Amino acid sequence: MSQPNSNIEKYKLAFQEEARDLLVELEATLLQLNEDRTSIELVGQAFRALHTIKGSGAMFGFTVIAAFTHNIENAFDEVRNENLAVTADLVDLALAGLDHIKALLDEATGSDPADPAVGAAILAKLEKLTGTSAHFAAPVESTSSPAAAGITRTWRIHFAPGPDLLTNGTDPLLLLDELRQLGALDVTADTTAIPALADLDPHRCYIAWDLILATASPAEAIRDIFIFVEDACNLTIEPVVAAPALASAPPVEEPRTFGRRADDSTGSAANIRVPTLKLDQFVDLVGELVTVQARLAQIASHSEDPEIESISEEVERLTSALRENSMSIRMLPIRATFDRFRRLIHDLASDLHKEVELSIEGAETELDKTVLDQLNDPLMHLIRNSMDHGIEAPEQRLVAGKTAAATVHLSARYSGASVLITVSDDGRGIDTAAVRQRAIERGIITADAQLSDRDIFALIFEPGFSTAQQITDISGRGVGMDVVRRRIESLRGSIDIASTPNSGTAVTLRLPLTLAIIDGLLVTVGEASFVLPLSNILECIELTRHDIQSANGKHVVNVRGEIIPYIRLKDFFHIDTPQRDREQVLIVTTDHGRFGFVVDEVLGDHQTVIKNLGRFYKDVQVVLAPPSSAVEAWH
Amino acid sequence: MEISLEQGDATATVRITGDVSIDHASDLRQLLLQAVASDQPLLINLEQTTSVDVTALQILCSVQHGLSANGRALAFHPAVSAPIAAAFAGAGLDSFLAATK
């Protein structure tokens with residue numbers, strides 16, 4: 001039997017996750033609103049996000065968060081009611097408020113406590129801006145108290161929970177309690193739908209309620225109580241008696257029905273929220289299955305038993321489908337990652353006194369979650385560098401014949417088995433002479449070194465390299481680009497820079513679509529097997545003794561006139577096996593050019609699971625080990 | 001939550017203690033199915049029950065409807081605790097509680 005409070009804790013956790021998602025959305029909305037300050041739709045979006053955080057927060061006991069959010073929500077309510085205009089100050093205050101809500105959420109999960117002085121300062125500014133009194137710890141219900149509105153009206157409410165209401169974590173009794181806080185409530189329960197005990201689904205609500213509520217609160221306050229269950233119940237709210245003393249009584253509202261009908265059981269959630277850990281475990285298990293399937297395929301091929309071979313082929317087909325499926329579950333659109341940088345660009349532009357607009361392209365491009373999680377820092381470094389070094393001050397841009405406002409462009413697109421993510425700007429471009437000079441000063445290159453633009457751009461990724469004259473908080477410490485390169489390489493990706501003086505710079509990250517399982521090429525050297533990523537292999541050519549002799553013993557091979565160096569895996573891994581008369585050279589492409597790997601035989605395609613060896617092996621460059629079906633090498 | 005069924009010579013008693021939520025609804029239903037299967041009068045002891053949600057209330061309603069239809073009785077004994085009585089009243093089920101006295 002589960003713990004009594006496990007559900008509450010589960011819902012609290014769900015609230016925190018949902019609130020963080022809402023804050024991400026809210027941040028994007030606020031930044032858009034800053035650019036389009038008359039958009040009623042964006043104001044509504046911001047209001048709804050704040051309202052949800054407040055309402056859910058209050059429901060799950062996060063009263064400080066609810067009370068603080070309530071004040072910002074009120075400001076946006078004023079905007080909705082056209083009593084307040086959207087200004088840069090309001091957006092900045094709301095963004096600061098959003099940061100404070102994040103800090104309060106962090107505090108709730110055991111991190112450092114949020115600074116109450118920060119919250120108080122935000123509310124004080126908000127109060128000044130809106131001209132209303134803010135309440136740092138006021139009860140959320142205060143706005144809907146009968147005393148606040150003054151005129152009592154009576155409402156008839158029919159509330160019939162749908163089949164999923166209880167499993168969504170809602171207790172209808174709590175909703176009735178909330179209604180009581182609005183005024184006098186008469187409750188009549190309809191129990192006629194409760195079936196015999198043997199037929200009763202204990203997780204479904206069968207009771208419906210007819211309620212009479214006398215309250216001075218507006219209909220909106222009543223509806224707000226049901227805001228989180230609208231889709232999971234049949235709800236009707238209609239006025240019964242209008243106050244006779246009211247000279248200009250508002251028109252009697254039509255009964256409003258929300259959500260789907262209680263007897264509509266066809267609706268189902270389109271999405272479910274799954275903890276990342278569970279998803280990782282699932283993918284991990286699929287990875288194990290792929291490995292076992294490879295063993296089975298190997299045994300089956302040697303067995304010469306048609307029945308076993310047939311089963312093996314069927315398992316291979318299913319495993320392949322399962323692999324594709326599990327990989328697709330991990331794929332997430334890059335939109336949320338890109339959207340996060342709206343705030344960074346907004347804040348940096350303000351700090352640097354520059355005008356910068358963000359444009360986004362290909363936000364629907366999907367990447368493996370593991371890759372996405374690790375992209376934040378590199379992208380942040382690239383954007384910081386672009387904003388600090390690349391983009392000129394407005395007056396400099398005008399002198400250069402550009403618009404005062406610069407553009408940072410974030411784009412993503414597929415390219416074969418990779419995704420290309422580009423951070424570009426229309427700034428001053430990279431000053432190759434300055435980069436070269438700094439590299440000489442630092443002893444990275446000699447003064448007479450002959451370098452192409454591409455080689456010079458590569459210098460930017462050297463540890464500690466920076467051309468910035470001044471160290472700033474934004475960048476200029478020369479650590480950013482080094483971090484970017486290491487992070488991208490750890491993701492088996494690569495970086496390319498293109499830059500034109502006075503036109504701008506584009507940094508392109510090439511990343512594999514997925515990290516967990518790759519299509520590889522299985523090869524052998526003696527008794528040992530190796531897998532090479534198929535995406536890196538250009539072609540396979542034969543290497544004869546004659547080829548070796550004609551190269552004068554040098555480890556190079558002539559491929560249609562191009563001299564390509566190679567490594568013989570037999571020598572590299574000290575594998576004791578006689579050298580064959582005819583060997584195979586796999587020509588691979590890497591960031592450092594084309595290379596060849598000499599092997600004995602090429603066996604064919606092979607799905608390969610890539611797993612982390614763990615911290616213990618982090619300094620090991622090369623591993624030669626006998627796993628289930630193949631010897632694999634990492635470096 | 002702890003639930004137990006004691007089948008004496010004359011009555012069957014279901015004792016429920018602690019907080020009862022949707023997490024326990026299946027277990028509660030199962031035990032009550034077992035309890036109503038006997039022909040003995042059913043006593044439900046909610047004296048040590050600290051809170052109930054709607055799942056528990058409707059299960060108890062279902063038991064009462066079923067027994068009543070078969071001419072049998074359901075009684076809460078000893079009297080339910082104040083928070084549980086408040087829960088019944090809050091849900092508009094005070095008449096149900098009265099009918100079991």
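Trainee: What makes strand 2 and strand 3 of chain B a pair, and how many bridges join them?
Mentor: This is a predicted model, in which local features need pLDDT of at least 70, side-chain atom pairs count only at pLDDT 80 or more, and totals for chains, interfaces and linings use all residues. Residues are numbered from 1 along each chain as its sequence is written, chains are lettered from A in the order in which they are written, and side-chain values use heavy atoms, without hydrogens and water. Strands (E, at least two residues) are DSSP runs numbered from the N terminus, and two of them pair if DSSP finds at least two bridges between them. Strand 2 (residues 12-20) and strand 3 of chain B are joined by 4 bridges, and therefore pair; they run parallel. Within strand 3, N45(B) is the residue opposite R15(B).

Trainee: Which strand does strand 3 of chain B join through 3 bridges?
Mentor: That is strand 5 (residues 74-76) of chain B, also parallel to strand 3. There, F76(B) is the bridge partner of I44(B).

Trainee: Why do side chains of a strand point to two faces?
Mentor: In a regular strand, side chains alternate between the two faces of the sheet. In strand 3 (residues 42-45) of chain B, L42(B) and I44(B) point one way, L43(B) and N45(B) the other. All four are called buried because each has under 20% relative accessible area (1.4 Å probe, protein chains only).

Trainee: How many salt bridges does the rule find across the interface of chain A and chain B?
Mentor: The count is 0, where the rule requires a side-chain nitrogen of Lys or Arg within 4 Å of a carboxyl oxygen of Asp or Glu.

Conventions
Buried means under 20% relative accessible area, exposed over 50%, partly exposed in between (1.4 Å probe, protein chains only).
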